[in-house]
Amino acid sequence: TTLAQAALDEGTFDVVLMMNVIEHLHDPTAALRHVHRLLKPGGVLVVETPRLDNWTFRLLGARERNIACEGHVCFFTTRTLSALAKKVGLAVLRCDAVGRSLTVDRLLWQAGLVSRLPRLQRLLHAVSRACRLDALRLTLNLRDIQRIYL
């Protein structure tokens, strides 16, 4: 069942979180409109998604990990996401550039993805598995993720 198909009354929720969801939607405008109707008056929608107005995208272009990730179909800058929110009647309360927690294994996987070199990808994967780097967690703030409060 999709959100649009769910039998939910308007004004049902105080808070809705869309954490790393909107970039996977083929019609983010319709989704935001629907979520806006589900919010109670004064309710808050929090959207977290990659942002393309950052230094990693300027440096890597189409090789940037969020572009290279299969499944991401919509891409936003801080300005375009704010404009989309306003278009559907949501007010922007705050927008933050945030980091993420990930394993060293995942970081190496992303480096291999960005490299577009299958041999390097296999090598990084083998090193990661041999050293059990999936058990090592770290927090990075490359400011390439935006969290917007609406």
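Helix H5, comprising the twelve residues 104-115, should span 16 Å at 1.5 Å a residue, and its end C-alpha atoms are 16 Å apart, which agrees with that expectation. The model under discussion is predicted. Within H5, the buried residues are Val-104, Asp-105, Gln-110, Gly-112, Leu-113, Val-114 and Ser-115. After H5 comes Arg-116, which has a positive phi near 55°.

Asp-105 belongs to helix H5. Its relative accessibility is 15%, and Asp-105 therefore counts as buried, the cut-off being under 20%. The side chain of Asp-105 is joined to that of Ser-128 by a polar contact of 2.3 Å.

**The largest pocket**

Helix H5 also takes part in the lining of the largest pocket. The volume of this pocket is about 240 Å³. Two or more lining residues come from each of strand S2 (39-50), helix H3 (65-68), strand S3 (94-103) and H5. The lining consists of 18 residues, and those nearest the centre of the pocket are Arg-65, Asn-66, Arg-100, Arg-106 and Gln-110. Of these central residues, Gln-110 is also listed among the buried residues of H5. By class, the lining of the largest pocket contains six nonpolar, seven polar and five charged residues.

**Cysteines and accessibility**

How many disulfides does the rule give? The count is zero. For Cys-95, the closest cysteine sulfur is that of Cys-74, and the two sulfur atoms are 17 Å apart; a bond is ruled out because this is too far, the cut-off being within 2.5 Å. Cys-95 has a relative accessible area of 30% and is thus partly exposed. Cys-131 is likewise partly exposed, at 48%.

The relative accessibility values cited in this report are collected below.

| Residue | Relative accessibility | Class |
|---|---|---|
| Asp-105 | 15% | buried |
| Cys-95 | 30% | partly exposed |
| Cys-131 | 48% | partly exposed |
| Arg-58 | 62% | exposed |

**Arg-58**

Arg-58 is located in helix H2, which covers residues 55-60. Since the cut-off for exposed is over 50%, Arg-58 counts as exposed because its relative accessibility is 62%. Arg-58 and Thr-2 are 56 residues apart along the chain, and a distance of 35 Å separates their C-alpha atoms.

How values were computed:
Residues are numbered from 1 along each chain as its sequence is written. This is a predicted model: local features need pLDDT of at least 70, side-chain atom pairs count only at pLDDT 80 or more; totals for chains, interfaces and linings use all residues. Side-chain values use heavy atoms; hydrogens and water are left out. Buried means under 20% relative accessible area, exposed over 50%, partly exposed in between (1.4 Å probe, protein chains only). Helices (H or I, at least four residues) and strands (E, at least two) are DSSP runs, numbered from the N terminus. The expected span of a helix is 1.5 Å times one less than its number of residues. On a 1 Å grid over the protein atoms alone, a cavity is a set of points where a 1.4 Å probe fits but cannot get out, and a pocket is an open set with protein on both sides within 12 Å along at least five of seven lines; lining residues have an atom within 4 Å of a point. Grid points are joined across faces, edges and corners, and a volume is the space filled by probe spheres set on the points. Ala, Val, Leu, Ile, Met, Phe, Trp, Tyr, Cys and Pro count as nonpolar, Asp, Glu, Lys and Arg as charged, and the others, Gly among them, as polar. A polar contact is a pair of N or O atoms within 3.5 Å; within protein, one must be able to donate a hydrogen and the other to accept it, and residues adjacent in sequence count only if both atoms are side-chain atoms.
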